[in-house]
Amino acid sequence: MPRRIDWSRGNAESFRPHRLRHFVACSSFRASARFRAATTVQTRGRGSMRGVSLWFVATGSVFVTLGMLGGIAMAVSSDHTLAPAHAHLNLVGWVTMALFGIYYHLVPAAADTRLARVHYTIATAGVLAMVPGIILAALERDELLVAVGSLLTLGSMLIFVFTVFRHRA
Ligand code: HEM
Ligand code: HEM
């Protein structure tokens, strides 16, 4: 039988410093547990990521690693000609892709669809065409690839807009 403490007896005789410490520790623990419960987002797979969500975040993290290497190369060389390629590799290839991945992680019904896999393919193809395309355009070589990449990137965003509205509460 667990020992119960009667907190209602607050007179000087029953006051014990260790009880006060216990009370403070318990209530702050309960408050932090309530805070955690209120702020914790339900995740699938107990904190792990899979499927389209994982593909988006993993691919984006590879893109940003390449983008950082490019950024360091630019900083070292003091030649910022390719800054737009670096900017879009990081922002379209990482920030946007990671946001898609997190969205699909939070909305499993949207992730478990063929459209989500098509979305991943078009978004990735968009970055893979757009970034080299920006390099070619910046070097005044060719503008076709950047046009194709831009349209694929736009297409990927339109799929996302459709998905967000389709899976609204
Ligand atoms: C190791 C990491 C990075 C390095 C060394 C780096 C370096 C650089 C350099 C040298 C520039 C050219 C600045 C200029 O021409 O004014 C630049 C531009 C830029 N970087 Fe990075 N960068 C890094 C990571 C990132 C990341 C992670 C992002 C985004 C998530 C990012 C976004 C941008 C953007 C948007 C620009 C264009 C800014 C503008 O044109 O005003 N960079 N970066
Ligand atoms: C179809 C998609 C997109 C197209 C066609 C596009 C096109 C462009 C163009 C033509 C510029 C000017 C580059 C220059 O001055 O040399 C630019 C700059 C910029 N864009 Fe985009 N963009 C797209 C998507 C995005 C997205 C999704 C983001 C952010 C998430 C973004 C962030 C930026 C930033 C920060 C700059 C200034 C950086 C710089 O000048 O280097 N763009 N974009």
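## Buried residues of helix H5

In this predicted model, the buried residues of helix H5 are Ala116, His119, Tyr120, Ala123, Gly126, Val127, Ala129, Met130, Val131, Gly133, Ile134 and Ile135. A residue is buried if 20 or more other C-beta atoms, placed from the backbone, lie within 10 Å of its own. These residues of H5 pack against H2, H3, helix H4 (108–111) and helix H6 (144–166). Two residues are in contact if their C-beta atoms, placed from the backbone, lie within 7 Å.

H5 covers residues 114–138, 25 residues in total, and reaches 36 Å from its first C-alpha to its last, close to the 36 Å expected at 1.5 Å a residue. That expected span is 1.5 Å times one less than the number of residues. Just after H5, Glu140 takes a positive phi of about 55°.

## Packing of H3 with H5

H3 and H5 pack at an angle of about 170°, and their axes lie 9 Å apart. The axes are lines fitted to C-alpha atoms over the stretch in contact, with angles from 0 to 180 degrees between N-to-C directions. H3 and H5 are therefore roughly antiparallel to each other, a term for angles over 145 degrees.

On the H3 side, the contact includes Pro84, His88, Val92 and Phe100, and on the H5 side it includes Ala123, Val127, Met130 and Ile134. By class, this contact of H3 with H5 has 15 nonpolar, two polar and no charged residues. Ala, Val, Leu, Ile, Met, Phe, Trp, Tyr, Cys and Pro count as nonpolar, Asp, Glu, Lys and Arg as charged, and the others, Gly among them, as polar.

## Ligand surroundings

Ligand 1 is surrounded by 15 residues, the closest being Met68, Gly71, His80, Ala87 and Asn90. A residue is near a molecule if its C-beta atom, placed from the backbone, lies within 6 Å of it. Helix H2 (51–77) and helix H3 (83–106) each supply at least two residues of this shell, which has ten nonpolar, five polar and no charged residues.

The shell around ligand 2 includes Ala87, His88, Ser150 and Thr153. H3 gives the most to this shell, with eight residues. The shell divides into seven nonpolar, four polar and no charged residues.

## Overall fold and conventions

The chain has six helices and zero strands. Helices (H or I, at least four residues) and strands (E, at least two) are DSSP runs, numbered from the N terminus. Buried residues make up 25% of the 169 residues in the chain.

Residues are numbered from 1 along each chain as its sequence is written, while chains are lettered from A and ligands numbered from 1 in the order in which they are written. As this is a predicted model, local features need pLDDT of at least 70 and side-chain atom pairs count only at pLDDT 80 or more, whereas totals for chains, interfaces and linings use all residues.

Terms used. A residue is buried if 20 or more other C-beta atoms lie within 10 Å of its own, exposed if 12 or fewer, and partly exposed in between; C-beta atoms are placed from the backbone. Angles under 35 degrees count as roughly parallel, over 145 as roughly antiparallel, 65 to 115 as roughly perpendicular and the rest as oblique.
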